[in-house]
Protein chains: 2
Amino acid sequence: MNNRRDEEISVKPLLACLRGARFERPPVWLMRQAGRYLPEYRAIRSSVGGFLELCYTPDLATEVTLQPVRRFGMDAAILFSDILVLPHALGVEVRFLEGEGPKLAPVRTAEAVALLEPGAVLDRLAPVFETVRRVAQALPPATALIGFAGAPWTVAAYMIEGGGSREFPLARRLARQAPATMTALVETLTTATIDYLGAQAAAGAEVLQLFDSWAGALPPTERARWCLEPAERIVRELRARHPEVPVILFPRGVGAGYPAFARLGAAGLALDTTVPVDWATRELGDPALCLQGNLDPIALLGPIEAMLGEARRIVAAMKGRAHIFNLGHGVLPETPVEAVAALVADLKTSAT
Amino acid sequence: MNNRRDEEISVKPLLACLRGARFERPPVWLMRQAGRYLPEYRAIRSSVGGFLELCYTPDLATEVTLQPVRRFGMDAAILFSDILVLPHALGVEVRFLEGEGPKLAPVRTAEAVALLEPGAVLDRLAPVFETVRRVAQALPPATALIGFAGAPWTVAAYMIEGGGSREFPLARRLARQAPATMTALVETLTTATIDYLGAQAAAGAEVLQLFDSWAGALPPTERARWCLEPAERIVRELRARHPEVPVILFPRGVGAGYPAFARLGAAGLALDTTVPVDWATRELGDPALCLQGNLDPIALLGPIEAMLGEARRIVAAMKGRAHIFNLGHGVLPETPVEAVAALVADLKTSAT
């Protein structure tokens with residue numbers, strides 16, 4: 001097993017990068033690279049009834065995961081799924097309505113937390129692991145496969161709020177007014193996330209990214225408790241179970257709080273759009289920590305030359321660090337396919 | 001004039017603080033301290049038809065500005081107004097609808113920018129300056145009067161979007177796709193903001209705060225152009241016109257980008273809830289720069305003892321810096337009046 005992994009690293013730039021290797025041209029993938037901006041994605045999406053059905057049908061989820069790699073030749077595929085399949089597998093009603101955000105049956109009491117079904121998660125998410133297996137077999141040899149999950153705070157925030165929100169006031173309030181309930185919910189999610197990510201690794205995911213999309217809604221003290229502690233435990237337990245699979249943390253919006261996430265033992269740290277790259281290279285600890293990011297997805301809607309200029313400035317500023325090129329947030333649905341093509345091609349060929 | 005100002009500083013802790021003085025107990029005011037959480041505010045609000053009518057009626061705006069100072073004894077009053085009175089005075093239709101955010105007639109083209117009426121701003125905002133004059137006369141001698149405006153990028157973002165937004169995609173997109181239009185809009189707003197804040201200072205405002213509430217929606221390069229440059233110009237020109245009136249910058253959400261705002265020559269820098277105070281005291285430049293903040297307003301909804309503990313930790317971490325205590329964001333409408341009373345009383349009396 002370890003031998004096979006070592007061989008893979010030698011031909012997969014993204015995995016080498018997560019072990020600290022520096023490349024003249026950084027490996028690249030884009031958050032939400034499989035999605036609505038692609039006509040071939042929209043064709044498949046319109047052929048199924050619901051978004052969750054797409055996530056839970058290995059044939060379709062595999063195809064959708066592979067589409068951007070086939071079209072653009074990114075250095076990694078990321079499993080097509082959603083962070084809310086975990087609460088769904090815990091027994092929470094989750095609906096994705098066209099044109100609206102996701103809606104969840106709210107979980108706001110100790111009783112509701114006690115009704116969650118962590119024992120059922122791995123069985124219910126079996127189709128996701130089947131997708132991981134199929135993608136792993138289908139990928140070109142130099143392309144890495146990334147699995148992912150939402151971080152406990154972010155998933156808890158959706159569960160408490162009952163959907164998306166600008167600032168998640170109900171979740172932030174519950175964390176303060178009912179810390180025992182919040183602790184129970186976050187611990188349930190932390191354990192389930194470790195099991196879920198561990199099973200993705202066992203099925204063939206070579207990298208695991210933890211999306212804490214709403215970490216920025218919490219002040220530093222609350223963030224330490226609800227984001228840093230669970231992330232540290234997830235990194236530690238995954239390393240024990242799958243030492244060959246690096247973890248990338250993405251604590252979106254934490255700004256000056258990034259250094260605390262750089263010290264949790266993860267192999268990679270994804271930077272959101274707001275982070276100045278020169279600050280990051282200076283302040284984010286060990287130069288062996290691989291930094292990922294952080295072009296603004298809006299740049300892909302603007303003139304292509306200006307966008308390429310920004311991308312090159314990020315690459316230049318990351319010189320000397322292990323760097324995986326990415327956006328600082330997901331690809332927007334209105335992104336022109338040509339802009340993504342131009343970006344990936346430029347990163348693979350431009351003089352640096 | 002300068003003599004009078006010097007005398008005032010000697011009895012107004014908040015002004016002394018903005019000149020670098022350190023206090024055992026920091027002066028305190030709270031963003032949105034005049035607002036819906038106060039029954040006496042709701043009584044006045046329900047007596048007028050519209051929110052803008054309240055802003056433009058000096059009798060009522062003066063009363064509402066004074067209410068929290070009268071009840072809690074903060075060290076400063078902040079003019080009751082809204083950042084969107086500036087686009088309104090520029091000729092843009094602005095409506096505040098109950099239970100929804102503000103709605104503006106969108107400004108998205110060079111033609112629409114050219115139709116703005118900067119020459120009319122000071123006349124149209126005369127009632128605001130009258131409110132400033134009345135509040136200045138009514139305040140207790142130790143209480144400072146803070147005027148404010150929205151920063152050009154934030155006001156432009158509302159104007160382009162036509163209202164509030166989670167991420168202001170239209171404004172971010174326009175800035176990239178039509179930089180000449182964006183430049184014209186931001187320059188118009190910058191000049192109008194300097195005039196508007198200058199007139200507040202002339203009417204008696206002793207401190208001016210610039211709210212860049214959506215600075216965090218921009219990546220660093222865009223932020224340099226649309227936030228830092230205008231803020232630097234506003235600080236510089238106000239200093240030339242009113243050297244005795246300190247400016248506080250509030251670039252919400254910029255995280256690791258805060259140090260760049262600390263170097264613009266402003267007397268104070270307001271920290272949002274996400275900023276770790278120990279990081280701020282270490283990284284934010286000259287110890288004479290006064291830091292303001294940054295308790296999470298959600299803490300005021302939780303148990304009072306826990307909230308006071310957090311407030312005291314912020315005060316303790318700020319020791320050695322000029323510090324004005326504040327929240328990291330505005331007081332929430334559902335905040336219990338007793339929580340605000342307990343916070344202000346504790347800051348004024350607790351052993352430190």
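In this predicted model, B:D212 stands opposite B:P251 in strand β6 of chain B. This pair belongs to the contact between β5(B) and β6(B), residues 247–251, where five bridges join two strands that run parallel. On the other flank, five bridges link β5(B) to strand β4 of chain B, residues 144–150, and these strands also run parallel. There, B:G147 has B:L208 of β5(B) as its bridge partner.

Strand β5(B) spans residues 207–212, and six of its six residues are buried, so the strand is largely enclosed by the rest of the structure. Its side chains point in two directions. B:V207, B:Q209 and B:F211 point one way. B:L208, B:L210 and B:D212 point the other way. Both groups are buried.

In chain B, seven strands follow the order β1-β4-β5-β6-β7-β8-β9, with parallel pairing. Strands β1 (76–78) and β9 (323–327) of chain B stand at the edges, and each has a single partner strand, so one side of each lacks a neighbour in the sheet. From one strand to the next, the twist averages 25°. In general, strands of a sheet pair through backbone hydrogen bonds, either parallel or antiparallel.

A:G147 has A:L208 as its bridge partner in β5(A).

A:N294 is placed in strand β8 of chain A. In chain B, a cis peptide bond joins B:G293 and B:N294, with omega about -10°. B:N294 lies in strand β8 of chain B.

Helix packing was examined next. In chain B, the axes of α10 (residues 152–161) and α12 (residues 179–203) come within 9 Å and cross at roughly 125°. These two helices are therefore oblique to each other. The crossing of α10(B) and α12(B) is right-handed. On the α10(B) side, the residues that meet α12(B) include B:W153, B:A156 and B:I160. Their counterparts in α12(B) include B:L185, B:L189 and B:T193.

Helix α11 of chain B, residues 169–177, has the buried residues B:A171, B:R172, B:L174, B:A175 and B:R176. Their cover includes α10, α12 and α13 (220–241) of chain B, together with α16 of chain A.

The nonpolar core was then considered. The largest nonpolar core holds 271 residues, and A:L125, A:W153, A:L343, B:W153 and B:L343 touch the most other members. Beyond its neighbours up to four places away in sequence, A:L125 touches A:Y56, A:V85, A:L86, A:A89 and A:Y196. In soluble globular proteins, nonpolar side chains tend to be buried together.

Some single residues complete the picture. A:T181 is placed in helix α12 of chain A, residues 179–203. Its relative accessibility is 12%, so A:T181 counts as buried. Leaving aside neighbours within four places in sequence, A:T181 is in contact with A:R108, A:T109, A:A110, A:V113 and A:L174.

B:D123 is placed in helix α8 of chain B, residues 121–124. B:D123 is exposed, with a relative accessible area of 65%. B:D123 and B:A89 are 34 residues apart in sequence and 8.5 Å apart in space, C-alpha to C-alpha.

A:F168 is not a glycine, yet has a positive phi of about 50°. A:F168 is found in the loop between α10 (152–161) and α11 (169–177) of chain A. With a relative accessible area of 0%, A:F168 is buried. B:R32, also not a glycine, has a positive phi of about 60°. The place of B:R32 is the loop between α2 (13–18) and α3 (39–45) of chain B.

Key:
Residues numbered from 1 in each chain as written. Chains lettered and ligands numbered in written order. Predicted model: local features only at pLDDT ≥ 70, side-chain atom pairs only at ≥ 80, totals over all residues. Heavy atoms only, no water. Core = buried A, V, L, I, M, F, W, Y, C linked by side-chain atoms within 4.5 Å. Buried < 20%, exposed > 50% of the residue type's maximum accessible area, 1.4 Å probe, protein only. Contact = heavy atoms within 4.5 Å. Pairing = 2+ DSSP bridges. Helix = DSSP H or I, 4+ residues; strand = E, 2+ residues; numbered from the N terminus. Axes fitted to C-alpha atoms, helices over the stretch in contact; angles between N-to-C directions. Parallel < 35°, antiparallel > 145°, perpendicular 65-115°, else oblique. Left-handed = near helix turned anticlockwise from the far one by under 90°.
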